[in-house]
Structures are given as structure tokens and as C-alpha cells.
Amino acid sequence: MKKADRLITRLEQKLSEQDKVKLFFWHHYDSLGFLPRSWLNVLQNLRRRDWVVIVSSSGLNIDSQQQLERAGCIISKRKNIGMCLGAYRDFCCLLSEHTHICNLIQNLVLCNDSTLPVGGDEPFCNQIESINSNLLTDTAQMIGMTDSVQTTAYHIQSYFLSINSCLLQEHCWTQFWERFNPYGEKDDLIQRGEVGLSQWLLKRGIQINARYSLASILLSRTDAYPELK
């Protein structure tokens, strides 16, 4: 059985246990397969809160893998092509091929290991739950932790993206990932993937927000206006 088929089979098993699913997809990469304790605590905490957790990784050491499996996490092994954006692309395209799964998802979080939950797992998981509550609307929305005005355009930073069920049903969501090429240098991937996703959604009337908006802070300062024009 192919890796994608195994992932779908395991996901279906998890989804059969719940009516509406909160799904946390976490991309991990470490050349030695090391899993930070802070992230393991977050993933274990989310499982206790009935989130379905998928860990996408090109390699985990035995100890890390066993700890994740004991917590009930689904492990999806793939080559680190396209970094986190490539992993997001593959998973979102896979979901689009299985509408019966998409229809069960209440909230999808796409997250990576480029930051650490330094405040601890409890405050971080509370933030995730709060964002999930804000997304329980009939309007397609995406919420991130932080935004940015760096590079060429405004965007939500892709280390944390929370998407509601309405956006998952939008054709433009799947269309973006189907068109995204995961090959390229890091800066190019960020420009086309991270910045590109936010701009793609904005141009199609999709609401995007950041829980902690740097742009809003800068806009409140009159001396910052020239930099934002």
C-alpha cells in the first residue's frame, strides 16, 4: 500500500471515532530525527483535547516515533521536498481527493517546527482552541498567529495557519495548492507559497487574520506609514 493510502486509511480510522474533527497537521524536519520535548508536549496535549494529530516527517528517531505513537499521533513519512509548504501542499491535495474526509473536518491547522512553543504546551494549546472557536462561522476564513509586511506583500506567516471547514470547501483553496510547485530555493518557496497563499486568498475575497498582527501595530504608528505604502 502506498504511503498516501496508508495515511488516508489511518485518518479514516481516527475520524470514525468523532463527528466533527479538529485536525492538527505538523511538519517536522531534523537531520538526526530529534523531536523537541516542547513540541512533543504540545502534540500530546492536543491529543488529550481530542485533536487528531498528523506528524509529517522525513525522519524520526526510534524514541521520538514511539512517544508519538503512544500518544495516538499519526506519523506520515515523506521526503522533505518543498519544506513545510511542500508538506502542506501534498496533504491539502490529498484531502481534496477524499471529500468524505474534508466534510468531517471542523478546523485544520497547518503548522511547522520552525518556532518553539516557549510559553509551554498549555497556553499554546489554549490559543489553538481559541482560534478554533473563532473559526466556527459560515464564512471562509484563515487565521494565523502572526503576519508580516516583509518581502513584497502582506501575508500570514506559514508556521501556523488555521483554516475553517468553509475555506476547505472553497475551490480556490484546493486550486492554490494544486498550482503550487514545491521545488525551488527557500526564498522562492516563501514568496510563492507563504506570501502567495495570502495574496491568492485576499484577491478572492477570503478573510485572513493574524492573532498577533504586526501590521496592525505598525499601522497605529504614524511614522510607520511610509514603509507600508
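View 1. His-27 stands opposite Ser-56 in E2. This is a predicted model, where local features need pLDDT of at least 70 and side-chain atom pairs count only at pLDDT 80 or more, while totals for chains, interfaces and linings use all residues. Residues are numbered from 1 along each chain as its sequence is written, and side-chain values use heavy atoms, leaving out hydrogens and water. Strand E1 (residues 21–28) lies parallel to E2, paired over six bridges. Strands here are DSSP runs of at least two E residues, helices runs of at least four H or I, numbered from the N terminus; pairing takes at least two DSSP bridges.

**View 2. E2 and its covered faces.** In E2 (residues 52–57), six of six residues are buried, meaning under 20% relative accessible area with a 1.4 Å probe, protein chains only. Val-52, Ile-54 and Ser-56 sit on one side, with Val-53, Val-55 and Ser-57 on the other. Ile-54 also stands opposite Ile-74 in E3; four bridges join these parallel strands.

**View 3. Trp-173 and the largest nonpolar core.** This core has 43 residues, and Trp-173 is among those with the most contacts inside it, along with Leu-11, Met-142, Trp-177 and Leu-201. A nonpolar core links buried Ala, Val, Leu, Ile, Met, Phe, Trp, Tyr and Cys through side-chain atoms within 4.5 Å. Leaving aside residues up to four places away in sequence, Trp-173 touches several others, including Cys-92, Leu-110 and Ile-163; contact means heavy atoms within 4.5 Å.

Key: Buried < 20%, exposed > 50% of the residue type's maximum accessible area, 1.4 Å probe, protein only.
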